[in-house]
Amino acid sequence: MKRFHIHTILVADDEKKIADVVSLYLEQAGYHVVCVHTGREVLQRLDEVNPSLIILDLMLPDVPGEEVCRMVRSRSAVPILMLTAKHRDEDRLRGLQVGADDYVTKPFNPNEIVARVHAILRRTQLDHPLAERMVYRDGDLIIDAVRQVVYKAGVDANLTATEYKLLTTLSRHPKRVFSREELIGRVFGADFDGDVRTIDAHVKNLRAKIEDDPKHPVYVQTVYGMGYRFGGDGA
């Protein structure tokens, strides 16, 4: 019987042994896997493959992973899971700041990769806004839940999958204050074991894309000592 794959995963790692192991475990979990070994191949095959998720090594031989991530983000909101040998918190946060949705440090258990992929795809496909199209401030911000696209002043805001999930989580409950821990649970899942302040990096990136003045936000507001809330008034 022919097997149909729901999701294609694009794996980018120049270490063939690592790419082969990751591919094997993902294929056993039911995913279709396409492997590349350079940053240029990621960009060349992005539209052709149309992946559901990209696993991206930071130490590619031609283009740094962070730069590849930036270039992917200029074209697509596809979720990105970064692989990195860098263990410093600032290195991990830098990866999140350029658009990654999650990261795994080397060496890793391949089962963890599969679990992270499951979790990312699950959280990026659930929990849409209550309406198919939500409009704020006379069209300044539009959340199109059917296409899963957010428009700022009529232009695609190019949100990452994590930024989209963060925004829709907040917008479903206007004025409600979410703690960082609550947002981590809703956006990253209960199995997330990183720093809760990871959410701050995603909030910063989201504000840069949807706020006129990110230092004085009207949509994603900080409630000091408590967390964040959505302040947009529907039109």
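Strands β8 (residues 149–152) and β9 run antiparallel and are joined by two bridges. One of the residue pairings here is Lys 152 with Val 155 of β9. Keep in mind that this is a predicted model.

- β8 and β9 belong to an open, four-stranded sheet with antiparallel pairing, ordered β6-β7-β8-β9.
- At the edges sit β6 (133–136) and β9 (155–156), each of which pairs on one side only.
- Helix α6 (residues 161–171) packs on this sheet and touches β6, β7 (141–144) and β8.
- The direction of α6 makes about 100° with that of β7.

**Where α6 meets α8**
- α6 also has a helix partner: its axis and that of α8 (residues 198–210) come within 10 Å.
- The two axes cross at roughly 85°, and since 65 to 115 degrees counts as roughly perpendicular, α6 and α8 are therefore roughly perpendicular to each other.
- On the α6 side, the contact is made by Thr 162, Glu 163, Leu 166 and Leu 167.
- α8 brings in Ile 199, His 202, Val 203, Asn 205, Leu 206, Lys 209 and Ile 210.
- Sorted by type, the residues of this contact are six nonpolar, three polar and two charged.

**The chain as a whole**
- The chain has eight helices and eleven strands.
- Of its 235 residues, 52% are buried.
- Among contacts with a separation of 6 or more, 57% come from residues 24 or more positions apart.
- The accessible surface comes to about 11500 Å², with 51% of that belonging to carbon and sulfur atoms.

Definitions and conventions:
Residues numbered from 1 in each chain as written. Predicted model: local features only at pLDDT ≥ 70, side-chain atom pairs only at ≥ 80, totals over all residues. Heavy atoms only, no water. Pairing = 2+ DSSP bridges. Contact = heavy atoms within 4.5 Å. Axes fitted to C-alpha atoms, helices over the stretch in contact; angles between N-to-C directions. Buried < 20%, exposed > 50% of the residue type's maximum accessible area, 1.4 Å probe, protein only. Areas by Shrake-Rupley, 256 points an atom, 1.4 Å probe, with all protein chains shown as cover. Parallel < 35°, antiparallel > 145°, perpendicular 65-115°, else oblique. Nonpolar A, V, L, I, M, F, W, Y, C, P; charged D, E, K, R; others polar.
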